[in-house]
Amino acid sequence: MKTSTRLDLAIKKLYNAFHNNELHPECCRQCAVGNILDNKDSWKHLSDHHGAIELNYIGNVHQTLGRKFNGYTPLELLQIEAAFLKACGYQLPLHHKNKKPKSPTDKDTLFNGLTEVITLLCKLDNIPNIMDYTALLKTQPKHVLI
């Protein structure tokens, strides 16, 4: 299957972060978007709250100018981060009073977030979900002789 460069790079970065224990939902440098953007946290200035999907003034300026960060628009970055946090069990936006997972760095929690992010990344690139394994489980019915 043919994928985009931005998708390939994002998946490699997220995969490495997951396996090197460098994926943390509450850190702007180690969350999904932080890892996609080479562990930089400048993306957090695109919205007013971590996990929000509404662009603020700065985010809207970048979006309007057509700016992309490692291939992703500001709005796409916010959608990616929101999908990651939500799948990890957070109530959005991130706030100390909102619901959050008991162990944010638990591998199962992070895997759920990672799976959701990859699903969204595939959707943004209009390709089939590479995490969908159901096609592998489908078999042709066999005729049973009685």
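Buried means under 20% relative accessible area, exposed means over 50%, and partly exposed lies in between. With that scale in hand, turn to the structure, which is a predicted model.

Start with Cys88. Its relative accessibility is 4%, so Cys88 counts as buried. Cys28 comes out at 17%, and this residue also falls under the 20% cut-off and is therefore buried.

Next, the sulfurs. The structure holds zero disulfides. Cys28 is in no disulfide, and its nearest cysteine sulfur belongs to Cys31, 5.7 Å away.

Thr109 touches Cys88, along with Ala87, Pro101, Ser103 and Pro104; residues up to four places away in sequence are not counted here. The relative accessibility of Thr109 is 13%, so Thr109 is buried too.

Now move to the surface. Which residues form a nonpolar patch there? They are Tyr57, Ile58, Val61 and Leu65. Together they have about 420 Å² of accessible area. Val61 sits in helix 3, which runs over residues 57-64. Is Val61 buried, exposed or partly exposed? Its relative accessible area is 31%, so Val61 is partly exposed. Patch members need over 30% relative accessible area, so Val61 passes that cut-off.

Terms used. Residues numbered from 1 in each chain as written. Predicted model: local features only at pLDDT ≥ 70, side-chain atom pairs only at ≥ 80, totals over all residues. Heavy atoms only, no water. Patch = residues over 30% accessible without salt bridge, like charges linked within 9 Å, V, L, I, M, F, W, Y side chains within 5 Å. Areas by Shrake-Rupley, 256 points an atom, 1.4 Å probe, with all protein chains shown as cover. Salt bridge = Lys/Arg side-chain N within 4 Å of Asp/Glu carboxyl O. Helix = DSSP H or I, 4+ residues; strand = E, 2+ residues; numbered from the N terminus. Buried < 20%, exposed > 50% of the residue type's maximum accessible area, 1.4 Å probe, protein only. Disulfide = S-S within 2.5 Å. Contact = heavy atoms within 4.5 Å.
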